[in-house]
Amino acid sequence: MVVGGSAVLSRKFQYKLRTRGKERTVDEGVSRQFSVLESLCNRPDVEKIINAGDADREGEIIIRLCIMNALRSEKPIGRLWLPDQTPETVAKQLAESLEQEHYDPLANEGFSRTYVDWLYGINLSRYATLKSGALLRVGRVIVPIVKAIYDRDMAIKNFAPETYYAIVSKALTNDQEVELTSTRKYRKENYEKALRCCAAYNAVPAVVTDRTAKKDKLNPGKLFSLSKLQNVLGKRYKMSMDDSLRIVQKLYEEGYLTYPRTNSEYLATAEKDKYKKIIEGVKNAGYPVEFKDKKTIFDDSKIESHSALTPTFKIPKKESLSEEELKVYQTVFRRFVAVFCSEECLAEKTEIKVKVGEYEEFSLKGTVILEKGWTRFDDPPSKDKVLPDLKVGDTVNTDFNPKEKETSPPKHYTVETLNNFLKNPYRDLKAAAQSSEDEDDMEEYRAIFEGVEIGTEATRTSIIQNAIDSGYIMLKNNSYYILDGGVFFIESLSRLNINMEKEKTAHLGRALKQVYRGEITVGDCVTLARNEINEVFATKPSDPSDDREIGVAGDEVGTCPICGKRVLRGRYGYGCEGYKDGCKFRVNLEICHRVIPISAARQLLQNGKTQKLNGFISKAGKPFSAALRLDGDKAVFDFND
């Protein structure tokens, strides 16, 4: 690749067996395994080959690549599509296996995703690495993931809390405390107004104007998609996405759970007979379950490739699972029991309205569970709140006072809230941080089907783990934090005008779905990626005197004013190559939020001073202009010009 030139684009994408080491020799284990496949496929008594890859787009193309590009077999190929790995399912699917051509649209989407991500990775990773002087793993999905965590952590770091006064009353009525919190808030400087408001509220009667209590059924949560299961496991057990996926994959391979990499919380209508048998097995194990033919469970319109994650016919013994495996399995199993539970959960939902004079009406809401039903197996959507025993016409004692509070910073992303954001990055941030048990989930499924989501159930976990392994982010106590390496990563991309945020990722995600639907070709999708990469290169100035150009790591800038050795462009700035001998001369790449271009660094070394530079930001957040001049082994501001 030529930096500043066109994107690397093979006329033909080719594959070879994996190599390792500096000699790039083929891995012995890979070679041996491939030879076994080759001999089996080319045996004269083998009439047909069955593609039994994972039931997703990546699994689809892996086997196709092996057969078409490597084994070059011309024998007919069938496709085995396994929602789970129980003997019953394997036998049934083998008998009903379709010809591989039936899955060509999925394969085309898979090839498009592979080519597009390779183009982005090979071009932009090299470009950013050369420019920054550090290995940067630039990818279509990893960038918006790290950027989301970076933006959130920067918002927390830069958050300036504001003090305000809330109008709150806590007083006993019939020996029960009644808490009323007004919608009115006052700034700190308006304390006297807050006092007057409280006095006015306390001077008038507070009367119960309405009380409604109705018995209602509480519905259980939906069945699990992979990310929704990971949300629960992260919140409940502080389990990382990488650990939960590894465990659920093992349980799938052992036949205890259905295919894990699913983005749906619904079951296919064609699977009703299958689930009748599974429910019968669960019932025989002593659980109160019954088959329910409901739209909230069986809905083909909300399934892309795979149904929700559920138990299978095969129920493990507790002693056969490790502690962590048991946690994962029981979480899936108990949700399944809750969804198909024959015992309803009955609750009393109560709302009490209290009117304070003519100023404001307060609403107190609570839910009391009367009959536990399915909540014996899975958590209810909200915790009970006990309300005071008040009737219409009762007078409520009040004691309103200004209560000093502070505005709160945003919260760090958790496994749950990051997953919700990635599944639908355009959903309102407040909604993205809420629980997954939303009544109307059509918006989320529309985002999945249109390709708007960032990453997929099959890839998201490994990419987040890659960001952790690369030192960009960390997961601690179920919350994600940006690391110094992640700050450098995102800010370097920003300096290089590499925009791979959620908008670009969603744009390409939509294109992949268009390939699947046959609206555009694989070549069209690849051309789209190539054009966007070339656009990145085209925005980069090639003139070294340009005020945005920072050069490439290793560029010579000038002569060190301290020891006379060369000053080179490094990862974080311009420094003397004699640093190993003790020379401390260095000019940071960024000073007061202003990137120092290579032209200014050269001017500083040659003339001892730069021309006036704009765009500096003070600690108080105010912009200013200044020249830089040499002062010993560092650069300082000069405001004389």
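**A lined cavity, a helix and a sheet**

The lining of the largest cavity comprises 6 nonpolar, 2 polar and 3 charged residues, where Ala, Val, Leu, Ile, Met, Phe, Trp, Tyr, Cys and Pro count as nonpolar, Asp, Glu, Lys and Arg as charged, and the others, Gly among them, as polar. The model is predicted, so that local features need pLDDT of at least 70 and side-chain atom pairs count only at pLDDT 80 or more, while totals for chains, interfaces and linings use all residues. Residues are numbered from 1 along each chain as its sequence is written, and side-chain values use heavy atoms, with hydrogens and water left out.

A cavity is a set of points on a 1 Å grid over the protein atoms alone where a 1.4 Å probe fits but cannot get out, and its lining residues have an atom within 4 Å of a point. The largest cavity holds about 60 Å³ of space, the volume being that filled by probe spheres set on the points, which are joined across faces, edges and corners. Its lining includes Tyr120, Leu124, Arg140 and Glu532; H4, helix H16 (502-516) and helix H17 (522-538) are the elements that give two or more residues to it, helices (H or I, at least four residues) and strands (E, at least two) being DSSP runs numbered from the N terminus.

Helix H4 (residues 104-132) also contains Thr114, which touches Tyr15 and Ile61, not counting residues up to four places away in sequence, contact meaning heavy atoms within 4.5 Å.

Elsewhere, 3 strands form an open antiparallel sheet in the order E7-E6-E11, two strands being paired if DSSP finds at least two bridges between them. Ile167 stands opposite Pro402 in E11.

Note on methods:
On a 1 Å grid over the protein atoms alone, a cavity is a set of points where a 1.4 Å probe fits but cannot get out, and a pocket is an open set with protein on both sides within 12 Å along at least five of seven lines; lining residues have an atom within 4 Å of a point.
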